Amino acid sequence: MIRIRRGLAIGMAATASLSAAACSSSSASDGKNYTIGVLVSQTGSASQLGVGELRGAQLAAESVNAAGGIGGKKIVIKAADDQSKPDQAVEQARNLLKDKVAAIVGPSVVGSCKAVMPLVKSRGPVNYCLSPGIKPADYTWSASANTADLAQAGLNYWKTKGITKVGLLSTTDGSGTDGAAAVSSASAKLGVQVVSRATYDPTAVSITSQLQQVTAGHPQAIVVWATGTPVGVALKAIQQAGLNLPVMTTDGNLANAFLKRIADYTPKTLLIPATRDFWWQTLPASDPAVKLEKDYHDRYQTKYNEAPDFGPGVGYDAVLNVAAALRKAGSDDPKKLRSALEQLAGSQGVVGTYTMSATDHRGLSLRDVAIVQAQNGRFTYVGK
Amino acid sequence: MRDVAETVIGGLVVGSVYALIALGMSLIYSMSKVINLSQGAFVVLAALTGVSVQHSLHISGPALLVVVAVIFAVVLAVVDLAVIRPASRRASPDRMLLITVGLLQAVGGFLLLRWGNLPYTMKPFTHTAVVTVLGLRLSTQFFWVLGVLVLSLVALWLLLQRSSLGLKMRATAQDPQAASLMGVDVDKVRLIAFSISGALAAVAGVAIIPLTFLQYDTVVPYAVDGFVAAVLGGLGSSSGAVMGGLLLGVVQGVLQRYTNASLAEILAISSLILILLLRPAGLRGSLAEVRR
């Protein structure tokens with residue numbers, strides 16, 4: 001009986017606190033400002049991305065506000081942390097929906113984005129997922145270049161260098177599977193042969209066997225389609241096997257912290273297909289993107305005392321694009337905002353130049369991708 | 001042929017870590033009937049502790065093995081005193097399993113808090129990282145991992161078979177009540193078993209980290225594979241733990257070499273089920289343990 005009473009008391013307290021929370025939540029976009037919810041992984045396994053994404057989003061809001069805002073209204077960022085967990089992403093997204101934010105920027109990773117998508121599918125608001133790994137539709141957008149373009153850019157670069165036989169190592173998770181399919185498809189299109197392939201679990205601590213499987217096909221170069229630690233494990237295995245082949249990996253590894261971590265095991269040639277924020281300095285001074293890129297990189301460096309990597313760029317552009325759509329729509333009505341965002345054409349961001357449509361909720365293309373090399377703790381442009 | 005030999009040696013190296021985890025689990029199980037699923041987590045914790053100690057003290061690989069082994073002998077003794085012993089007086093074995101799962105999660109959480117979500121590694125113990133033996137290209141760290149397993153086995157055998165403490169431990173494993181009536185301090189013997197399992201986790205973690213990258217979320221695969229190795233060998237059997245660990249490592253390596261990773265995982269677990277159907281007590285366990 002005591003247990004039942006205690007349970008009841010807890011239940012009543014929880015109900016009371018929930019009611020209080022519901023009463024206190026009013027519309028966050030209050031007529032004076034537009035509130036954008038930035039739901040990213042500030043803690044947990046994806047925080048390497050999320051922390052930078054939030055910084056990028058805040059920097060973009062500051063930039064828009066400094067230029068007078070949107071029709072006199074300021075952008076206010078309401079940050080939420082999904083702790084790198086899809087269930088928390090859903091919980092936090094629900095809170096942001098209660099707060100009636102104009103748009104949700106985030107989450108950071110595929111799993112959380114897929115978990116949030118159904119919440120906004122029919123009535124919005126616009127949800128700008130910061131992971132490139134989803135197929136955006138309805139009210140959802142996806143940041144950065146798509147996997148097919150990245151794979152094509154990478155293989156095309158190698159083809160120009162005479163490399164036509166590649167080995168493919170990929171992880172068994174969603175990102176690795178998608179990447180492997182994209183490499184296969186791009187290789188067929190470009191006439192590059194995938195001579196051997198092997199998969200490995202993202203938590204594997206040794207992939208010696210898989211590497212042997214890949215080298216058995218005598219490739220001229222190896223693609224490692226994985227992100228983070230599994231790439232480190234693969235690079236270490238490649239070094240231990242004494243292989244001196246060029247290696248290519250994915251844009252998810254365009255992180256300064258990760259580069260430092262693998263410094264002693266980086267192959268002589270480690271290439272990554274990257275968006276414009278990593279090679280903008282190669283553009284002619286007359287290019288319309290140069291001013292925006294310089295301003296973004298300088299301000300980020302000054303504010304955070306480091307160069308921006310993958311996360312800040314996508315966070316910055318997402319807020320910039322939502323702001324442009326708000327300006328065009330003249331309101332934060334979800335339908336109007338979605339329509340305005342779909343009409344964005346030739347809009348400059350730091351990741352690339354965006355041209356959206358009702359069927360293209362990403363807006364970037366192969367022209368926004370070039371190849372950079374991880375070298376001496378930096379990413380250096382090597383070509384297209 | 002060379003390809004097969006390299007695959008098998010790679011499998012033996014990974015299997016050595018499973019064997020050391022299974023050895024620690026088996027030792028604890030035989031003394032206290034607790035299946036310590038967190039044993040694999042302590043391997044990763046020890047490895048990252050090793051990285052931090054190495055960063056501060058710049059000591060040699062063998063010295064690092066000793067330092068971290070001592071630290072984790074103390075850590076696991078504290079775990080026994082603070083968690084396992086009080087809990088086992090109140091909880092049934094199935095509840096104890098849950099408690100060790102909780103410990104596994106707690107260690108993973110601590111790793112994330114202390115070392116963040118970045119992967120860690122260390123340079124090989126020997127300056128020459130790779131050697132060629134009989135035409136096979138092998139990492140020198142392979143020899144350290146295999147050597148650590150052999151040394152641990154010899155030390156454990158000497159302790160159990162050639163010392164009075166070992167006699168007490170064997171008596172406790174056989175019948176704790178009878179051992180207690182004969183004047184054996186069973187709690188102390190169990191505390192020592194936990195300390196030894198901590199040292200085993202430590203040497204496994206420190207020896208393997210130069211070959212890979214470890215981080216907070218690698219605790220689960222080690223915990224699962226170590227447990228599979230222990231069951232495969234026969235819980236409570238030291239020789240079985242080693243056989244189970246090495247066999248699992250080689251089977252995984254060979255399957256991963258000739259199939260894809262997902263299929264290899266299914267085939268590895270299927271072969272485990274098949275072995276347990278044919279030998280329910282595992283390779284070296286006793287049926288009495290299974291029926292208990």
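This is a predicted model: local features need pLDDT of at least 70, side-chain atom pairs count only at pLDDT 80 or more; totals for chains, interfaces and linings use all residues.
Helix α10 (residues 238-258) of chain B has 21 residues, which at 1.5 Å a residue should span 30 Å, and the 31 Å between its end C-alpha atoms agrees with that expectation. Of the 21 residues of α10(B), 16 are buried, so this helix is largely enclosed by the rest of the structure.

**Helix packing in chain B**

- Helix α2 (residues 39-57) of chain B and helix α4 (residues 93-115) of chain B have axes that come within 9 Å and cross at roughly 20 degrees; that angle makes α2(B) roughly parallel to α4(B), and the crossing is left-handed.
- On the α2(B) side this contact is made by Ala41(B), Phe42(B), Val44(B), Leu45(B) and Leu48(B), while α4(B) contributes Leu104(B), Val107(B), Gly108(B), Leu111(B) and Trp115(B); by class, the residues involved are nine nonpolar, one polar and no charged.
- With helix α9 (residues 219-233) of chain B, the axis of α2(B) comes within 7 Å and crosses at roughly 135 degrees, and the two helices are therefore oblique to each other, with α2(B) passing α9(B) in a right-handed crossing.
- The residues that make the contact of α2(B) with α9(B) are Gln39(B), Gly40(B), Ala41(B), Val43(B) and Val44(B) from α2(B), together with Val219(B), Tyr222(B), Ala223(B) and Gly226(B) from α9(B); they divide into six nonpolar, three polar and no charged.

**Contact between chains A and B**

- Chain A gives 27 residues to the contact, and chain B gives 27 residues.
- On the side of chain A that touches chain B, at least two residues each come from α2 (47-66), β7 (193-200), α7 (208-215), α8 (229-240) and α9 (256-261) of chain A, and this side is made up of seven nonpolar, 17 polar and three charged residues.

**Leu130(A) and its surroundings**

- Leu130(A) sits in the loop between β4 (126-129) and β5 (140-142) of chain A, and it counts as buried because it has 33 C-beta neighbours inside 10 Å.
- Apart from neighbours within four places in sequence, the residues in contact with Leu130(A) are Val40(A), Glu53(A), Val105(A), Gly106(A), Pro107(A), Ser108(A), Ala143(A), Val314(A), Gly315(A) and Ala318(A).

**Cis peptide bonds in chain A**

- Gly106(A) and Pro107(A) are joined by a cis peptide bond with omega of about -5 degrees; Pro107(A) belongs to the loop between β3 (103-105) and α4 (110-120) of chain A, and both Gly106(A) and Pro107(A) are among the contacts of Leu130(A).
- A cis peptide bond also links Gly124(A) to Pro125(A), with omega of about 5 degrees, and Pro125(A) is placed in the loop between α4 and β4 of chain A.

**Positive phi outside glycine**

- Asn376(A), in the loop between β13 (369-375) and β14 (378-383) of chain A, has phi near 50 degrees, a positive value in a residue other than glycine; with 9 other C-beta atoms within 10 Å, Asn376(A) is exposed.
- Leu134(B), in the loop between β1 (130-133) and β2 (136-139) of chain B, likewise has a positive phi, near 50 degrees, in a residue other than glycine, and Leu134(B) is exposed, with 7 other C-beta atoms within 10 Å.

Methods. Residues are numbered from 1 along each chain as its sequence is written. Chains are lettered from A and ligands numbered from 1 in the order in which they are written. Axes are lines fitted to C-alpha atoms, for helices over the stretch in contact, and angles run from 0 to 180 degrees between N-to-C directions. Helices (H or I, at least four residues) and strands (E, at least two) are DSSP runs, numbered from the N terminus. Angles under 35 degrees count as roughly parallel, over 145 as roughly antiparallel, 65 to 115 as roughly perpendicular and the rest as oblique. A crossing is left-handed if the near helix is turned anticlockwise from the far one by less than a right angle, and right-handed if clockwise. Two residues are in contact if their C-beta atoms, placed from the backbone, lie within 7 Å. Ala, Val, Leu, Ile, Met, Phe, Trp, Tyr, Cys and Pro count as nonpolar, Asp, Glu, Lys and Arg as charged, and the others, Gly among them, as polar. The expected span of a helix is 1.5 Å times one less than its number of residues. A residue is buried if 20 or more other C-beta atoms lie within 10 Å of its own, exposed if 12 or fewer, and partly exposed in between; C-beta atoms are placed from the backbone.
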